[in-house]
Each structure stands twice: as structure tokens, then as C-alpha cells.
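Subject: Structure handover

Hello,

Here is the structure I promised to pass on. Please open it first, then read my notes below.

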Amino acid sequence: MGDFNQSVILEAIRRSGEGLSRIELVEATGLSAQTITNITRRLLDEGLIAEAGRTINGPGKPRVTLRLVAESRFSVGVHLDPAVITFVLLNMTGAVVGRRVVRTQDSDPSRIVETMAQTIDVLIGEAGIDRDLVAGVGVAAPGPLDAEKGTVIDPPKLDGWHRVPLRSVLATATGFEVTLEKDTTAAAVGELWTGDATDEGSFLFVYLGTGLGAAAARDGGVIAGSTHNFGEIGHIMVDPEGPACACGSRGCVEVMCTPQAIVEQAEAAGVFDDDPDGGAANEFEKRFLRLCERASAGETTALGVVRRSAGHLAVLISVLTNVLDVDRVVLGGPFWGPLSDIYLREIPEPLHRRSATRAVRTLTVDSAVVGDDVGAVGAACVVLDAVLTPRASDLYLED
């Protein structure tokens with residue numbers, strides 16, 4: 001109960017932005033004044049919060065404002081994508097204080113773990129912080145995962161990753177406690193943490209990375225699913241007349257909506273006047289960016305390809321929002337930025353037309369607050385979330 005109440009107080013202070021007095025904490029949390037006094041005294045002694053001036057609000061003594069000490073704890077976030085590995089260092093408030101990006105040159109698990117461990121050390125060293133202040137490392141990885149064992153199980157775009165015990169091997173390599181989470185789920189946690197604290201509605205998060213995934217948040221938490229593999233959407237059909245998919249169906253998200261699929265559609269439409277350089281590791285990304293630039297400039301063929309892909313994504317989003325009945329849609333991920341302007345223009349109208357709840361509300365469609373690093377930031381936020389966010393399950397008694 002004490003740990004739960006401490007989390008309640010820390011979360012209230014964090015969400016307030018400017019800090020809260022002890023009296024305001026009583027009002028915000030419903031805890032007794034004595035409980036607030038006891039816990040805040042302990043948090044002050046541990047350096048997690050600090051007194052930050054006094055305010056006068058009506059009669060009586062001035063109130064002492066309590067705020068989180070941003071540098072009291074840190075977390076590392078790692079996003080493993082088949083194309084790049086992104087690393088961020090966050091302070092207690094969720095602000096990014098360090099960042100590194102390493103291209104995934106080799107998908108061999110042992111080499112990737114070695115790269116992760118070395119880069120984490122560099123990141124912490126560059127920031128000049130004490131390793132003892134790092135609460136842990138969060139890793140966002142493509143699914144499917146075995147959450148209980150901390151294992152990555154055969155992700156479709158990471159060759160050689162057959163039941164890799166990433167959580168345990170990275171913990172051994174770094175000496176930190178490691179949390180493994182699905183990339184889409186981590187991204188939604190990042191949006192919850194860094195988004196508008198006053199917006200407590202539900203949302204669908206659509207993640208555009210090398211592949212596409214989804215996550216959903218409701219009542220201040222992310223829906224992880226029974227096995228922590230919520231959001232595997234690659235084989236939802238968005239165009240029955242589309243190309244064949246490896247699953248045996250046609251027109252699935254995997255062959256219609258992923259960045260690779262969009263580039264292939266652009267090549268078939270004659271957008272590019274040269275052949276792809278098969279020897280270049282990042283050739284696909286270069287062509288994707290060229291496509292988006294030409295579409296944004298109004299080039300007819302390129303714009304047509306991107307607009308059609310937006311229509312296919314609108315079909316997918318409508319299916320998910322009709323099932324989940326959320327308040328809004330958030331899109332993000334490393335491949336979202338170049339598409340965002342066109343997609344934000346093209347998606348809302350067909351989404352509204354297909355919405356089962358269009359008679360009672362209009363779904364808003366927004367970009368993620370964090371930007372391209374949402375996976376890594378979300379992974380680091382998963383660590384902070386475990387430290388700061390109160391969970392009713394923390395009150396359960398074990399047999």
C-alpha cells in the first residue's frame with residue numbers, strides 16, 4: 001500500500017507540470033494529510049522531489065510547492081527496428097537528455113546485443129550521470145514476443161531472431177534491469193507520457209516503422225493483450241483486389257500499407273527514372289523519401305501513389321476504431337514524418353465515412369507528440385511508468 005500511495009503522489013506531481021503543494025496533493029489524490037506528509041518527507045529525503053518555492057493562495061500560511069527532481073532518476077530506451085537501432089536517455093520528467101542512432105548493419109542477435117550494450121554505455125557516459133541513477137533499460141522490439149520469458153520470437157523482418165532471450169542477455173551485458181515491450185505498445189506508452197496530461201480519453205496508435213502495428217490506450221493505460229502481443233495487424237485485408245500476400249490472402253496491410261510496399265507501388269507506377277541500387281543497405285529508405293518529397297511537391301504520379309496508400313490506411317484504421325471504439329487516432333513512428341502532411345489531409349474524410357459512430361462524433365487524427373523516436377522514448381517511458389504510475393495490481397496479495 002505504501003508503494004502504491006507513493007506512486008499516486010509522484011504521478012500527481014508529475015502530471016501537474018508546475019508542482020503541487022501538500023494541500024493540493026490531498027485534494028488531487030484523496031489521501032489523508034498525514035499520509036501525504038509522511039510520504040513526501042521520504043521522497044524529499046530520497047531526492048526524488050524538492051521544495052520549489054512558496055505560493056500564497058488565500059488566508060493561512062504560504063504553501064510549499066513540491067516538484068519532481070528531473071535528475072534524480074534516468075531511464076534508457078532502445079528501439080530495435082530492422083533498419084536502425086535508436087537509443088535515448090530520459091530524465092525523471094520524460095525529457096530526452098541524450099540520443100544516438102545506429103544503423104542495423106547485421107541482424108545477428110549476438111552482435112546486436114553487443115552493439116546495444118556498448119551504445120548504452122556511451123550514451124550514459126556522454127551525459128555524465130551516475131549509473132546508479134539509471135532506473136533501468138527499456139527495449140521496444142518487433143513482435144511477436146514471449147513477455148513472460150523476455151524472448152523475441154521470429155519477427156518477420158529480423159533474420160535469425162528465433163526465440164532470442166533479449167531481456168536476459170542484455171541485462172547481463174549491461175548490468176541494468178531490462179524491460180522488454182512490443183514496439184507499438186511502447187510507442188503508445190510514450191504518447192501517454194509525453195502527450196497532453198489533461199487528455200485522458202482513449203486512442204488508437206498506428207505505428208509506421210519498417211512494418212505496421214497498432215496499440216490502444218484507455219483509462220490512462222495501454223492495452224497490452226493477454227500475451228503482450230496486441231496490435232499484430234499485418235494480415236488485415238484492406239483491398240480485396242490487391243496483390244497476393246504470403247499468408248495466402250490478398251491486399252493485406254503487409255503488401256499494401258508498409259513503406260516497402262508503397263515504394264514498390266511507386267516503382268510499378270514509374271515514379272522513379274532509375275533502377276534501385278540493390279547493393280545499398282538504405283536504398284529503400286532513400287526511394288521512400290524521394291517518393292514523399294515528390295508527392296509533397298505535387299508531382300502527379302507520386303502524389304497518386306501516396307494518396308492511394310492513405311486510402312488503404314484509412315480502411316485499416318476504420319476497422320480498428322470500429323472494433324475498439326476509441327476517442328481519437330494517433331499516428332507515429334520513424335516512417336510517419338515524410339507522409340504526415342498528405343496522410344493528415346487524406347485520411348480523416350474516408351475514416352469518418354466508414355466510422356460506425358459518425359452520427360455521434362468525429363474521430364480526430366493527429367501526429368504523435370514525440371516524433372520519429374517514439375519507439376525508443378516509449379521504451380524508456382515504460383521503465384519510468386513502472387516506477388511512477390500507480391497500478392491497482394500492486395495492491396493484490398500473493399498466495
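Start with the rings: ring pairs link F284, F288 and F335 into a cluster. A word on the source before you go further. This is a predicted model, where local features need pLDDT of at least 70 and side-chain atom pairs count only at pLDDT 80 or more, while totals for chains, interfaces and linings use all residues. Residues are numbered from 1 along each chain as its sequence is written, and side-chain values use heavy atoms, with hydrogens and water left out.

Aromatic rings

Searching the whole structure gives three aromatic pairs. Rings of Phe, Tyr and Trp (its six-membered ring) pair if their centres lie within 6.5 Å; planes under 30 degrees apart are stacked, over 60 edge-to-face, and the rest tilted. One of the pairs is F288 with F335, and it is edge-to-face, with 5.2 Å centre to centre and 80° between the planes. F288 sits in helix α9 (residues 283-296) and F335 in the loop between β13 (328-332) and α11 (337-346), so the pair ties together parts that are 47 residues apart in sequence. Helices (H or I, at least four residues) and strands (E, at least two) are DSSP runs, numbered from the N terminus.

Buried means under 20% relative accessible area, exposed over 50%, and partly exposed in between (1.4 Å probe, protein chains only).

Charges over rings

R14 lies over the face of W193, 3.6 Å from the ring centre. R287 lies over the face of F272, at 4.2 Å. The test is that NZ of Lys or CZ of Arg is within 6 Å of the ring centre and within 35 degrees of the ring normal.

Two helices

How do α2 and α3 cross? The axes of α2 (residues 22-29) and α3 (residues 33-45) come within 10 Å and cross at roughly 120°. Axes are lines fitted to C-alpha atoms, for helices over the stretch in contact, and angles run from 0 to 180 degrees between N-to-C directions. R22, L25, V26 and T29 in α2 meet A33, I36, T40 and L44 in α3. Contact means heavy atoms within 4.5 Å.

A50 is in strand β1 (residues 49-55). A50 is partly exposed, at 31% relative accessible area. Beyond its neighbours within four places in sequence, A50 contacts L44, T65, L66, R67 and V69. A50 and T65 are 15 residues apart in sequence and 8.4 Å apart in space, C-alpha to C-alpha.

Best wishes
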